[in-house]
Amino acid sequence: MATAPAAADPTTAREWAEEVRRLARSRDAVILAHNYQRPEIQDVADHTGDSLALSRLAAEVDASTIVFCGVHFMAETAKILAPQKTVLLPELAAGCSLADTITAEDVRAWRAEHPGAVVVAYVNTSAAVKAETDVCCTSSNAADVIRSIPEDREILFLPDQFLGAHVKRVTGRDNIHVWMGECHVHAGIDGHTLRERVAAEPDAELYVHPECGCATSALYLVGSGAVPEDRVKVLSTGGMLSAAEKSSASKVLIATETGMLHQLRAANPATAFEPVNPRAECHYMKMITADKLLATLRDGTGEIRVDDETAARARRSVERMVAIGTPSRGGE
Ligand code: SF4
């Protein structure tokens, strides 16, 4: 029986990958991996991407089972968009510190304090929270979602305080109330670290990837002029990969979770891609290990369940976002 790959043992790694692929075929499963997953998980997956792109893929592919290598709210979003499919998460405890800052009950209580307000939720939220909201958004379409709401309507924006502050600034609206949630990983990409790293590397480019809560603080800082604008590119997953392929820079600093580096380094080995902070790592994402992926495929464990009513209400909120505009960059 194949065991999890040992970094120094390519034979074990190959046997593990072959066993994963064999089990996926026998289960009629497609493996989706978020960009922040461990390198071996990204390499063995059928598709990698941001959470919304992966959730849409989950709905489109023919496979009856989706093995989602990411965190819990992402697997739930896949289930919401593909309710007829079995969605498996290899580690059910893989949560999200940002999504965990707000519950469905919190949203109901907040709404009761602001009757008539429109509730806008970043996609980093549980299905139960999405079901209590009016419309979802990603980091890239948050401003468009806000602009689609009549000027005189109050807005409750949740749960990311940095994305909330960013959209407040770019839309110039002052009737937006922002939930003070944050992702623990963003603390590693704070203004001080960002300024220091950019100043110490005057020839390096800076890519900001506001895909998850971990980099929305960097998005906010760039918008406030904390680092020279001409050196910064704010990019989606796809945009970042194509910029990496074309880059002639000797070094590029990356303001996002470190998992993204795996694909960037493969896309252009001639450029040195370095994290703004190598400790900016999401330990929830790294809870999906080679062993756990194998066990899920073998035993069918980690099934995600969302009750029909919650799923229908949450889906409505996601679909409203899609109707306003397809995210052009950055899922979450
Ligand atoms: S990086 Fe932050 S926002 Fe993204 S999944 Fe991890 S804890 Fe959640």
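## Salt bridges, a domain contact and a few loops

Count up the salt bridges here and you get 15. Keep in mind that this is a predicted model.

**A glutamate with two partners**

Let's begin with Glu-132, which sits in the loop between helix H6 and strand S6 (135-137). Which residues pair with Glu-132? One partner is Arg-108, with the closest N and O atoms 2.8 Å apart. Arg-108 belongs to helix H5, and the pair links distant parts of the chain, 24 residues apart. Another partner is Arg-313, where the closest N and O atoms are 3.5 Å apart. Because Arg-313 lies in helix H14 and Glu-132 in the loop between H6 and S6, this pair ties together parts that are 181 residues apart in sequence.

Arg-108 counts as partly exposed, at 42% relative accessibility. Arg-313, at 28%, is partly exposed too.

**A network further along**

Arg-197, Glu-201, Lys-251 and Glu-274 are linked in a network of salt bridges. Within it, Glu-201 forms a salt bridge with Arg-197, and the closest N and O atoms there are 3.5 Å apart. Glu-201 is buried, with a relative accessible area of 18%.

| Salt bridge | Closest N and O atoms |
|---|---|
| Arg-108 and Glu-132 | 2.8 Å |
| Arg-313 and Glu-132 | 3.5 Å |
| Glu-201 and Arg-197 | 3.5 Å |

**Where domain 1 meets domain 2**

Now for the domains. The assignment for the protein chain gives domain 1 as 10-95 + 284-301, domain 2 as 99-182 + 312-324, and domain 3 as 185-275. The C-alpha centres of domain 1 and domain 2 lie 28 Å apart. In the contact, 8 residues come from domain 1 and 13 residues from domain 2.

The size of an interface is often given as the accessible area lost when the parts come together. For domain 1 and domain 2 the buried area is about 890 Å², with 70% of it on carbon and sulfur atoms. Which three residues of domain 1 supply more of its buried area than any other three? They are Leu-52, Phe-73 and Ile-80, and they supply 56% of the area that domain 1 buries against domain 2.

What about charges and polar groups across this contact? The count of salt bridges between domain 1 and domain 2 is 0. Polar contacts come to 3 residue pairs, with both residues at pLDDT 80 or more. On the side of domain 1 that touches domain 2, the elements giving two or more residues are helix H3 (51-60) and helix H4 (72-81). H4 has the largest share, with 5 residues. Sorted by class, that side of domain 1 has 5 nonpolar, 1 polar and 2 charged residues.

**A look at H4**

Is H4 enclosed or open? H4 is largely enclosed by the rest of the structure, because 8 of its 10 residues are buried. The buried ones are Phe-73, Met-74, Ala-75, Glu-76, Thr-77, Ala-78, Lys-79 and Ile-80. What covers them includes strand S1 (29-34), H3, strand S3 (65-69), S4, helix H6 (127-130) and helix H14 (308-324).

Asn-268 lies in the loop between helix H12 (261-267) and strand S12 (272-275). Asn-268 counts as buried, at 7% relative accessibility. Its side chain makes a polar contact of 3.2 Å with the side chain of Thr-271. Leaving aside neighbours within four places in sequence, Asn-268 is in contact with Ala-244, Glu-245, Ser-247 and Phe-273.

Leu-92 is in the loop between strand S4 (86-88) and helix H5 (104-113). At 44% relative accessibility, Leu-92 counts as partly exposed. Not counting residues up to four places away in sequence, Leu-92 touches His-72, Gly-302, Glu-303 and Ile-304. Its C-alpha atom is 36 Å from that of Ser-148, which is 56 residues away along the chain.

Finally, Asp-9 is found in the segment before helix H1 (10-26). Asp-9 is partly exposed, with a relative accessible area of 28%. From Asp-9 to Ala-121 is 112 residues in sequence and 44 Å in space, C-alpha to C-alpha.

Note on methods: Residues are numbered from 1 along each chain as its sequence is written. Side-chain values use heavy atoms; hydrogens and water are left out. Domain bounds come from an automatic or database domain assignment. Contact means heavy atoms within 4.5 Å. Buried area is the accessible area (1.4 Å probe) that two parts lose on being put together, summed over both. A salt bridge is a side-chain nitrogen of Lys or Arg within 4 Å of a carboxyl oxygen of Asp or Glu. A polar contact is a pair of N or O atoms within 3.5 Å; within protein, one must be able to donate a hydrogen and the other to accept it, and residues adjacent in sequence count only if both atoms are side-chain atoms. Helices (H or I, at least four residues) and strands (E, at least two) are DSSP runs, numbered from the N terminus. Ala, Val, Leu, Ile, Met, Phe, Trp, Tyr, Cys and Pro count as nonpolar, Asp, Glu, Lys and Arg as charged, and the others, Gly among them, as polar. Buried means under 20% relative accessible area, exposed over 50%, partly exposed in between (1.4 Å probe, protein chains only).
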